[in-house]
Amino acid sequence: MQEIIIKAKGIEKSYGKTKVLRGVSLDVGRGEILAIMGPSGSGKSTLLHSLAAITAIDDGSIVFLGDRIDNLNDKERTLLRRKRFGFVFQFGQLVPELSAVDNVALVALLNGEDKTIAYQRAERLLTEVGLIKKKLLLPSEMSGGEMQRVAIARAMAVEPEILFADEPTGSLDSFNSQRVMELMTDMARKYGMTIIMVTHEPSIAAYADREIVVRDGQISGVKK
Ligand code: ADP
């Protein structure tokens with residue numbers, strides 16, 4: 001049996017009077033690539049943000065490698081996310097004033113890592129995503145697909161145990177979507193990293209080992 005990296009039990013979350021998650025329980029294995037599918041507004045992003053310690057939950061528990069993470073304070077949450085998780089969102093959310101290589105090195109620098117090491121790693125990662133020649137370009141000088149590949153390199157820079165992705169190809173055409181997915185999943189296999197991603201596109205979910213479907217704040221189905 002594969003090691004469990006995330007164990008969520010009975011997660012509940014409301015925004016005001018709207019109950020968004022109604023008792024979600026889920027185990028994710030280390031190295032697993034999991035897709036969260038479901039209709040718009042069903043609670044997919046809220047689930048992803050809860051598992052990633054971005055959003056505080058109202059009830060239930062989330063255990064990451066044996067430790068509860070749902071009851072951490074804001075500072076502990078921030079550190080957990082910065083040191084152990086990586087994030088890729090629909091629009092890369094790169095820092096617009098920073099070059100590609102500066103964007104990739106940034107989190108390691110924030111974590112207090114040595115500058116030379118942070119930049120060596122950033123260059124290696126940009127080479128892996130095929131963008132070393134564009135390392136000095138600003139996000140505004142790159143295409144959407146290139147920005148998303150820089151965002152993946154940046155997410156990988158802290159060697160995260162889990163990569164959380166919310167519609168990571170949502171802003172891309174189909175060629176670039178496939179390329180970004182291949183890159184993310186190849187890196188996950190290479191480094192034994194877990195991916196938890198939200199998508200509404202079956203062709204993107206097809207890259208996952210397992211697909212769960214969220215409907216009205218509950219898991220209504222599992223595929224694979
Ligand atoms: P999905 O990702 O499946 O489209 P979400 O998790 O984004 O669904 O949203 C589920 C429901 O929760 C929606 O009705 C949305 O309006 C509501 N919601 C999500 N985030 C917030 C928030 N920060 N404040 C208030 N309501 C929210």
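A pocket is an open set of grid points, on a 1 Å grid over the protein atoms alone, with protein on both sides within 12 Å along at least five of seven lines; its lining residues have an atom within 4 Å of a point. In this predicted model, the largest pocket is lined by 18 residues. The structure also holds one cavity of 30 Å³ or more. A ligand is present too, and the residues around the ligand include Lys44 and Ser45.

**Overall build**
- The protein chain has seven helices and 10 strands.
- The chain is as compact as a globular protein of its length, because its radius of gyration is 17 Å, close to the 17 Å that the globule rule gives for 224 residues.
- Along the principal axes, the C-alpha atoms of the chain fill a box of roughly 45 × 40 × 35 Å.

**The ligand and its shell**
- Around the ligand stand Tyr15, Val20, Pro39, Ser40, Gly41, Ser42, Gly43, Lys44, Ser45 and Thr46.
- Sorted by class, this shell has three nonpolar residues, six polar ones and one charged one.
- Helix α1, residues 44-51, supplies the largest share of the shell, with three residues.

**The largest pocket**
- This pocket has a volume of about 400 Å³.
- Nearest its centre lie Arg81, Phe85, Phe87, Val107 and Arg154.
- Strand β6 gives the most, with five residues.
- By class, the pocket lining has 11 nonpolar, four polar and three charged residues.

**The largest cavity**
- Rolling a probe the size of a water molecule over the atoms shows where empty space is left.
- The largest cavity holds about 40 Å³ of space.
- Its lining is made up of Ser50, Ala53, Thr55, Ala56, Ile57, Ile62, Ile69, Asp70 and Arg77.
- Of these lining residues, five are nonpolar, two are polar and two are charged.

Technical notes:
Residues are numbered from 1 along each chain as its sequence is written. This is a predicted model: local features need pLDDT of at least 70, side-chain atom pairs count only at pLDDT 80 or more; totals for chains, interfaces and linings use all residues. Side-chain values use heavy atoms; hydrogens and water are left out. A residue is near a molecule or strand if one of its heavy atoms lies within 4 Å of it. Helices (H or I, at least four residues) and strands (E, at least two) are DSSP runs, numbered from the N terminus. Ala, Val, Leu, Ile, Met, Phe, Trp, Tyr, Cys and Pro count as nonpolar, Asp, Glu, Lys and Arg as charged, and the others, Gly among them, as polar. On a 1 Å grid over the protein atoms alone, a cavity is a set of points where a 1.4 Å probe fits but cannot get out, and a pocket is an open set with protein on both sides within 12 Å along at least five of seven lines; lining residues have an atom within 4 Å of a point. Grid points are joined across faces, edges and corners, and a volume is the space filled by probe spheres set on the points. The radius of gyration is taken over C-alpha atoms; the globule rule is 2.2 Å times the number of residues to the power 0.38.
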